[in-house]
Amino acid sequence: MNSYMGLEKLVKAFSERFDYLVLTRGPNLAYAVGMPDAVGLVVDLKTGGSTLYVSRLDYARAKSAAAVDKIVGISSAEIPPRRPGEELVIVPSFNEVVKKLEGRVASDNKEVGTDVSQEILEIRSVKDDWEVVIMKEALRITEGVYQRLASARLVGLRERDVAALVYKWFMEDGADGVAFDPIVASGPNGAYPHYRFGDRKIAHGDYVVVDIGARKDLYCADMTRTFTIGLNPALRDALYAVYEAVKAAEKVAGEGVPAAEVDKAARKVLEEYGFGQYFIHSTGHGVGVEVHEPPRLFTTSKDVLRRGHVVTIEPGVYIEGVGGVRIEDMVYINGGAVVLNKTPLLL
């Protein structure tokens, strides 16, 4: 078997209970073999042999990029005739391939076999050292953009102008894409946690919530800083409250700590400052090939932090009609909590 990325861990997890593992979901295909846009992966768990099924359009690319034992193209018709050496199956859908498997099938698609999606997520949540190295590089690129924004004159720029700079600077510094569309929320738009960007011009006195993340290879970064463009008395105390909440949560986080306790630490600080009612989302989440993965750091979470988790710590305050504040770090659980960010919390 060609062991690549997370494939070896998945085989180990399911080989004693199943005969085959079938993956169809993009993030799982990314984690297992590095090709999220493949049609499906079939692993014979008895031998470890892996076969990746791809659109015929992607056959040559998969041959050069995917470290699996076999590549097979899927097409509904053999037009034009297959080229010499081209492995091709003529079927209406990947399901026709899976139907021919004889034995116990584990899959991330309940229509294909026993649904093991949650187990796969748990496996993905614990990062190997090589994964952390890639995520640190994604974060390095992300922090470089914050440094450039901190030295730029933002007043007068539209939110979309700032977003355009984020895209441009990511690409210039070697990102392979964005983990998610940038959030550039100025003034009252900062009160909307999932706002993206618009035509509003940044003005003196604005607080500007900037939440961005580069993607390197197939791994994500996720980071937020709030830029203070002059003094805003209505949000000044909120800024320091969020700052203290981040530090309190990072101090509590560590191996074996319930995720709910990390959330509780951040929430307690904001309540003490009088902003508890304005913190309307979880304190954080795991990051990997997806920007939102287990564990979830929230009051009702049953997750426990484990060595190898990479999670965000991101409390925020959102006051409708006024604006918002959010600060977000990425933290690696390695016994204690190792903060991966180098950029100051306050800009």
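Predicted model: local features only at pLDDT ≥ 70, side-chain atom pairs only at ≥ 80, totals over all residues.
Me: Where do I start with charged side chains, and how many salt bridges are found in the whole structure?

Reply: The general idea is that side chains of opposite charge can pair when their charged atoms come close. Here, a search of the whole structure gives 29 salt bridges. One of them joins the side chains of Lys46 and Asp44, with 3.5 Å from N to O.

Me: Is Lys46 buried or exposed? And which class does Asp44 fall in?

Reply: Lys46 counts as exposed because its relative accessibility is 54%, and the cut-off for exposed is over 50%. Asp44 has 18% relative accessibility and therefore counts as buried, since buried means under 20%.

Me: Which residue does Arg56 form a salt bridge with?

Reply: Its partner is Glu86, and the closest N and O atoms of the two are 2.9 Å apart. Arg56 sits in the loop between strand S3 (50-55) and helix H3 (59-65), while Glu86 sits in the loop between strand S4 (70-75) and strand S5 (88-90), so this pair ties together parts 30 residues apart in sequence. Arg56 is buried, at 15% relative accessible area. Glu86 is buried too, at 6%.

Me: What does Arg307 pair with, and how far is N from O?

Reply: The side chain of Arg307 meets that of Glu255 in a salt bridge, at 3.0 Å from N to O. Arg307 belongs to the loop between strand S14 (293-297) and strand S15 (310-313), and Glu255 to the loop between helix H8 (233-252) and helix H9 (259-272), so the two tie together parts that are 52 residues apart in sequence. Arg307 is partly exposed, with 43% relative accessibility. Glu255 is partly exposed as well, with a relative accessible area of 40%.

Me: Which residues are linked in a network of salt bridges?

Reply: Arg124, Lys127, Glu290 and Glu293 are linked in such a network.

Me: Now the strands. How should I read one, and how many residues of strand S12 are buried?

Reply: In a regular strand the side chains alternate between the two faces of the sheet. In strand S12 (residues 223-228), 5 of the 6 residues are buried, so the strand is largely enclosed by the rest of the structure.

Me: In which sense, parallel or antiparallel, do strand S9 and S12 pair?

Reply: Strand S9 (residues 207-212) pairs with S12 in the antiparallel sense, over 6 bridges.

Note on methods
Residues numbered from 1 in each chain as written. Heavy atoms only, no water. Salt bridge = Lys/Arg side-chain N within 4 Å of Asp/Glu carboxyl O. Buried < 20%, exposed > 50% of the residue type's maximum accessible area, 1.4 Å probe, protein only. Helix = DSSP H or I, 4+ residues; strand = E, 2+ residues; numbered from the N terminus. Pairing = 2+ DSSP bridges.
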